[in-house]
Amino acid sequence: MSALRIGLLGCGGIGARHAGAVAALPDDMELVACCGRDAERTRAFAEGRTAAAYTDLDAMLRQERLDLVIATLPPYNRGGEIERVAKAGVHLLVEKPIALNQPAADAMVADVSATGVVAAIGFMYRFGDAVRRWKAADTGKVGLYAGAYHCNALHADWWREEARSGGQILEQVIHQVDLIRHLMGEPDTVYARRTNFAHHDTPGYDVEDISAIVFGWDDGRIATLNASNIAVPGVWHKEWAVYAERMTGRFTSWNDAVLTRTAGEVSAEEIAGPTDPFVAQLADVYRAITTGAAPYIPLAEGAASLKLALAARQSADERREIRLTA
């Protein structure tokens, strides 16, 4: 089979990460076209990668005979593009968050599913070596997850506006919300708090910069997350600990963890994996396209994790626990 022809929709920083992942799989795929709103920036982005530049998605779809579009448009800037790609018969890898509200997310999943194309969501934490080692281990049921996400940056102007980004919970913390679902299943309740603690005088900054979330299960299990954008400047600090019936894991990244068996003879395994999760994610989409199998993380998972993130935000705004299951 010849290499897949890849189109990139959205030419910002995360688009560059995906373009790098395509370049890491030269036998399987080739970036042939890029599409962005700003003609000059898109041309510069594409020229550096010997790809064609477009500002018109439909023109790119007509002219490039694409096999896969990687959609990295920011969440506020999605107006049916994902659905148009799918209706053109082109497979999809979509960056999170899938949408800014649940009806839009559910409609996207339904429309894309109806076309029969392969469609995956970009929750790359699941592809990390340490995360996959945990999933393969005999851990028993997870009773407690304690995660943290902290940074300190102004980010892009759209990121600072809730109407355009959804806030830090939807834009960044959702990766660990998805990881909680991946490791523990669907929670029954959520309670959260959030506030703009240190940026309320920053023009245009109306999203939360500190937050805390507690997910609960009716059988007593708990997952907690705390996050901020007031920590060490320039440092993205992500960590989580997982406590299960027969194993404890302390993760400092998706690739790095110490997994300690706590049942029987206590023993520890240190994981320090080399995997680039963006490359692994794309390789999985290639596998799905070429074999007809489902991707490891189907697009519907994007809607399911969004539901929990939105419920956490609602809980914080209404100062009450939200029930997630009947």
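In the predicted model, strand S2, which spans residues 29-35, is mostly covered, with six of its seven residues buried. S2 pairs with strand S1 (residues 4-9) in the parallel sense, and six bridges connect the two strands. Within this pairing, Cys34 of S2 lies opposite Leu8. S1 also pairs with strand S4 (residues 68-71), again in the parallel sense, over four bridges. Here Gly7 has Val69 of S4 as its bridge partner.

These pairings belong to an open sheet of six strands, arranged in the order S3-S2-S1-S4-S5-S6 with parallel pairing. Strand S3 (52-54) and strand S6 (119-122) form the edges, each pairing on one side only. From one strand to the next, the twist of the sheet averages 25°. Helix H2 (residues 39-47) packs on this sheet and touches S1, S2 and S3. The direction of H2 makes about 160° with that of S3.

A further pairing involves strand S13 (residues 256-261) and strand S14 (residues 267-272), which run in the antiparallel sense and share six bridges.

Helix H10 (residues 300-318) takes part in two helix contacts, described here in turn. With helix H5 (residues 102-115), the axes of the pair come within 9 Å and cross at roughly 170°. An angle over 145° counts as roughly antiparallel, and H5 and H10 are therefore roughly antiparallel to each other. On the H5 side the contact is made by Gln102, Ala105, Asp106 and Val109, and on the H10 side by Ala300, Ala303, Leu306, Lys307 and Leu310. By class, the residues of the contact of H5 with H10 comprise six nonpolar, one polar and two charged.

Helix H8 (residues 168-184) also approaches H10: the two axes come within 9 Å, with a crossing angle of roughly 115°. That angle makes H8 roughly perpendicular to H10. The crossing of H8 past H10 is right-handed. From H8, the residues that meet H10 are Ile169, Leu170, Ile174, Val177, Asp178 and Arg181. Their counterparts in H10 are Glu301, Ala304, Ser305, Leu306, Leu308, Ala309, Leu310 and Arg313. The residues of the contact of H8 with H10 divide into nine nonpolar, one polar and four charged. Leu306 and Leu310 of H10 are listed in the contact with H5 and also in the contact with H8.

Thr189 is located in strand S8, which covers residues 189-195. The relative accessibility of Thr189 is 10%, so this residue counts as buried, the cut-off for that class being under 20%. When neighbours within four places in sequence are left aside, Thr189 is in contact with Val214, Phe215 and Gly216, as well as with Glu321, Ile322, Arg323 and Leu324. The C-alpha atom of Thr189 is separated by 7.3 Å from that of Thr325, although the two residues are 136 residues apart along the chain.

Note on methods
Residues numbered from 1 in each chain as written. Predicted model: local features only at pLDDT ≥ 70, side-chain atom pairs only at ≥ 80, totals over all residues. Heavy atoms only, no water. Axes fitted to C-alpha atoms, helices over the stretch in contact; angles between N-to-C directions. Parallel < 35°, antiparallel > 145°, perpendicular 65-115°, else oblique. Left-handed = near helix turned anticlockwise from the far one by under 90°. Contact = heavy atoms within 4.5 Å. Nonpolar A, V, L, I, M, F, W, Y, C, P; charged D, E, K, R; others polar. Buried < 20%, exposed > 50% of the residue type's maximum accessible area, 1.4 Å probe, protein only. Pairing = 2+ DSSP bridges.
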